[in-house]
Amino acid sequence: MKKLIVKGGRTLKGTVTVSSSKNSILPLLAASLLSNGEVTLEALPAIRDVSTMIELLRRFGAKITNEKYSTVKIDPTTAMFVEAPYEIIKTMRASFIVLGPLLAKMGRARVSMPGGCAIGNRPIDLHLEGLKKLGACIDIEEGYILAKASRLRGNKISLNFPSVGATENLMMAASMATGETVIENAAREPEIVDLADFLRKMGADIHGDGSDTLHIIGVDELKPVVFRPIPDRIEAATYIIAGAMAGDTVEVKNIVPDHLEIVLSKLRTAGVQMEVFDNRCIVKGCKRFNAVDFKSTPYPGFPTDLQAQMMILLCLAEGQSVVREEIFENRFMHVAELKRMGADIEIKNRKAVIRGVKKLKGAPVMVSDLRAGAALLLAALVAEGQTVLNRIYHLERGYDNFVDKFIGLGADLKLSNEESLKK
Ligand code: EPZ
């Protein structure tokens with residue numbers, strides 16, 4: 001099993017360029033199924049989740065050509081299968097968002113239920129209730145969702161939680177339904193707006209994306225487009241936090257500051273020195289931070305996908321910080337590992353109380369999920385001594401070329417396949 005060996009204490013400096021957003025690319029790939037011709041997606045990162053979704057489209061029979069990998073062409077007109085198998089869905093639950101486009105385009109789908117994951121049980125009730133509102137017949141058989149709809153019909157849907165995935169599934173389904181669909185309490189994430197931009201470019205009639213109410217008037221055909229996804233705001237903030245903790249001066253390029261408003265504001269409150277320009281930011285390292293309280297909430301609130309990374313900075317702050325994880329029920333798994341590195345954190349249900357310590361110490365740690373992995377990597381960069389991160393395949397799912405990017409900033413990282421690494 002691949003491990004990452006990090007020698008802490010190196011000063012980071014230089015420039016890092018953020019890749020396209022994983023959480024935008026996945027719905028865009030699913031939405032390409034709706035096109036009546038070949039779709040081109042540009043600047044795709046070489047991360048595992050993207051290749052998993054591409055593999056799924058191939059299973060449907062779509063023709064995929066990845067010229068240089070970063071530019072991928074998807075021709076969905078050859079697709080004739082509608083089964084998304086458990087073996088793929090279990091490795092990436094986000095692939096469940098193929099259900100909406102399959103139903104809209106093919107009139108039927110057999111999609112494995114995603115099941116839970118490390119951070120929570122990840123239900124799909126909002127997806128299924130919404131699709132039923134659009135006229136789909138939904139059955140469950142042997143762990144699979146069997147869905148049928150000769151033609152989806154627009155309707156009014158009110159989500160009892162602004163679920164990102166449910167909003168995406170329903171947007172894609174409604175874009176080719178007959179009549180108007182209104183989705184209330186819709187997710188407002190930038191990735192929702194990117195998906196709406198993509199669908200509009202294909203000819204969809206969508207308004208209100210970025211607000212909590214979407215208006216979609218279904219059309220009969222969606223045409224091919226060339227599209228470049230937005231930058232990954234979570235990757236961007238991960239490098240900004242790295243620069244704040246371990247930097248001399250780090251420039252993070254290819255960012256959209258508007259997508260990071262509350263994050264940048266919390267970082268400033270914590271004492272991080274940053275100069276933010278229209279598509280990049282220059283962050284200066286500092287040794288101590290102010291304690292900051294925050295809670296993860298749906299966009300435009302503080303993103304749950306940055307809760308773990310922000311906690312690392314608070315481990316080294318002066319005083320006590322309180323972090324509340326209000327999106328997922330089990331997203332503090334990085335805490336046990338951080339305590340082994342000397343962090344002072346107490347968990348009570350979805351609340352973490354962090355008392356700043358002078359330093360963290362390197363240790364062998366276990367990565368449990370993508371964002372916990374990113375947080376442990378940040379901790380390792382500033383810890384005294386060596387840290388060995390086990391199960392780094394989680395990181396390879398969503399951080400493009402992260403080893404080279406961090407080495408490029410001066411970090412001392414080494415990948416190893418050795419079975420057991422003595423400290
Ligand atoms: C998306 O997951 C992201 N994944 C997640 O990022 C992100 O953490 C999450 O949104 C929240 O921002 C992708 O975009 C691929 P949700 P998603 O549906 O769509 C409840 C990462 O690290 N819920 O908004 O699955 C659910 O239990 C990943 O990149 C229902 O109750 O998130 C959870 O508490 C991790 N019923 C909350 O909504 C449903 O039918 C948020 O889930 C659906 C969701």
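1. Ground rules. The model is predicted, so to speak of local features a pLDDT of at least 70 is needed, side-chain atom pairs count only at pLDDT 80 or more, and totals for chains, interfaces and linings use all residues. Residues are numbered from 1 along each chain as its sequence is written, and side-chain values use heavy atoms, with hydrogens and water left out.

2. Domains. The chain is assigned a domain 1 (3–19 + 231–415) and a domain 2 (22–227); such bounds come from an automatic or database domain assignment. Their C-alpha centres are 30 Å apart.

3. The interface by area. Between domain 1 and domain 2, about 1,800 Å² is buried, and carbon and sulfur atoms give 54% of that. Buried area here is the accessible area (1.4 Å probe) that two parts lose on being put together, summed over both. On the domain 1 side, Tyr299, Phe328 and Arg397 lose the most area to domain 2, together 32% of what that side buries.

4. The interface by contacts. With contact meaning heavy atoms within 4.5 Å, 24 residues of domain 1 touch 20 residues of domain 2. The rule also finds 3 salt bridges across this interface, a salt bridge being a side-chain nitrogen of Lys or Arg within 4 Å of a carboxyl oxygen of Asp or Glu. Arg233 and Glu191 pair in a salt bridge at 2.8 Å, N to O.

5. Salt bridges overall. The count by this rule is 22. Asp209 and Arg200 form one of them, at 2.8 Å from N to O. For accessibility, buried means under 20% relative accessible area, exposed over 50%, and partly exposed in between (1.4 Å probe, protein chains only). Asp209 is buried at 16%, while Arg200 is partly exposed at 29%.

6. Arg288 and Glu318. These side chains meet in a salt bridge of 3.2 Å, N to O. Arg288 sits in the loop between β17 (280–284) and β18 (289–290) and Glu318 in strand β20 (residues 317–318), so the pair ties together parts 30 residues apart in sequence. Strands are DSSP runs (E, at least two residues) and helices likewise (H or I, at least four), numbered from the N terminus. Arg288 is partly exposed at 27%, and Glu318 is partly exposed at 46%.

7. Asp305 and Arg331. The closest N and O atoms of this salt bridge are 2.7 Å apart, and both residues are buried. Elsewhere, salt bridges with shared partners join Lys2, Arg48 and Glu396 into one network.
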